[in-house]
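Subject: Handover of a structure for your review

Dear colleague,

Please find below the structure that I am passing on to you. I would be grateful if you could read the notes with the model open beside them.

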Amino acid sequence: MKITLSAAEREKHQISEANLNAAVRALWDDGFVVLENVVETAHIDALKARTLADLETILARPDAPFNFNSGNVQQDPPPFAPFLFEDVLFNPFAVAITQAVLGRHPQLTMYSGNTALPGGERQPVHPDIGQLWPNLEHPTPAFGLVVNVPLVDVSEANGATEFWPGTHHDTSFCVHDGSLRITEAHLSKWRDRRPPLQAALKCGDIVMRDIRMWHAGMPNRTDEPRPMIAMIHSASWWPRGQVAFARSAQTWLEDAQTRSGLRIGAHFVDDVDYLHHNAAYDFQK
């Protein structure tokens, strides 16, 4: 589902009850929702320029942090001014939806991103996290949401993520399983029931999804990288990881947390190395 906010909602930075209810229902029924045009394009442009400039450094690493294959690389956005924006990190519409789904005092537990490189392969279908317990008869309520902010327009051509609607309700896989690659038998069952789709996105859109929903990064068939910011909003009781930010951003970040109601386990350092701390992963350990 795509939700378009009214002029009044934008002016007040407050989502209406009707749109909030629609977003919550979409996350429960489908596992994802798109908020159209909720981030300033000037902020997107600034982040895009810096992200593409950083990409060369990341790819030059001998241990470049590829996700499943060399077509998709983990890439953090710069965690310091002038690249920190409230409508990205603390988007009021996304935070309101998070609070409605996850409860009071949600927390941001990851601030990162991924870039689909030209000529790459598709990822295997996977959830980022499985169900909390094995052998559940029914799924639990959501405990984590992934919030993606594309830095370019996204289409099937440049690698729009493949979503498998409804699969966040599938209880076949849990966090204790050794691999989160979805087997072909399970894919066939869901393909017949609710086939996958690729959601086109515009700069300024945000897509939110249940962290348990099956998805896959897709090949980028264009000549340009496709960068996207990825954040995780977690329930208040989820273990809080530390997210590194420049010490110079501490006052701004703490004030923004107070305004938004979204907490961050921020770790402030004088010289934050955001280009070298990610590692490659394959979800098989």
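This is a predicted model: local features need pLDDT of at least 70, side-chain atom pairs count only at pLDDT 80 or more; totals for chains, interfaces and linings use all residues.

Residues are numbered from 1 along each chain as its sequence is written, and side-chain values use heavy atoms, with hydrogens and water left out.

Strand pairing

Helices (H or I, at least four residues) and strands (E, at least two) are DSSP runs numbered from the N terminus, and two strands pair if DSSP finds at least two bridges between them. Strand β1 (residues 2-4) pairs with β2 in the parallel sense over 3 bridges, and Ile3 stands opposite Leu35 of β2. On the pairing of β2 with strand β9 (residues 206-210), the sense is antiparallel and there are 4 bridges; here Leu35 has Ile206 of β9 as its bridge partner.

An open sheet of 3 strands, with antiparallel pairing, has the order β8-β7-β10. Its edges are β8 (197-198) and β10 (215-216), each of which has a single partner strand, so one side of each is left without a neighbour in the sheet. Strand β7 (residues 162-163) is joined to β10 by 2 bridges, and Glu162 has Ala216 as its bridge partner in β10.

Nonpolar cores

A nonpolar core is a set of buried Ala, Val, Leu, Ile, Met, Phe, Trp, Tyr and Cys residues joined through side-chain atoms within 4.5 Å. The largest has 52 residues, of which Leu89, Tyr111, Met208, Met231 and Phe245 touch the most other members. Helix α5 (residues 92-102) gives the most to this core, with 5 residues. A second, separate core of 10 residues includes Phe32, Ala160, Val207 and Met213. Contact means heavy atoms within 4.5 Å; beyond residues up to four places away in sequence, Met208 touches several residues, among them Leu27, Phe32, Leu35, Ile97 and Val147.

A buried arginine

Arg226 is found in strand β11 (residues 226-234). Arg226 is buried yet has no salt bridge, a term for a side-chain nitrogen of Lys or Arg within 4 Å of a carboxyl oxygen of Asp or Glu. The nearest side chain of opposite charge, Asp153, is 11 Å away. The side chain of Arg226 does make a polar contact with the side chain of Asn114 (2.4 Å); such a contact is a pair of N or O atoms within 3.5 Å, where within protein one must be able to donate a hydrogen and the other to accept it, and residues adjacent in sequence count only if both atoms are side-chain atoms.

Backbone points in loops

The peptide bond from Ala81 to Pro82 is cis, with omega near 10°, and Pro82 lies in the loop between β4 (69-74) and α4 (86-89). His13 has a positive phi, near 55°, in the loop between α1 (7-12) and α2 (17-29). His13 is exposed (over 50%), with a relative accessible area of 52%.

Yours sincerely

Key. Buried means under 20% relative accessible area, exposed over 50%, partly exposed in between (1.4 Å probe, protein chains only). Lys and Arg count as positive and Asp and Glu as negative; His and the chain ends are not counted.
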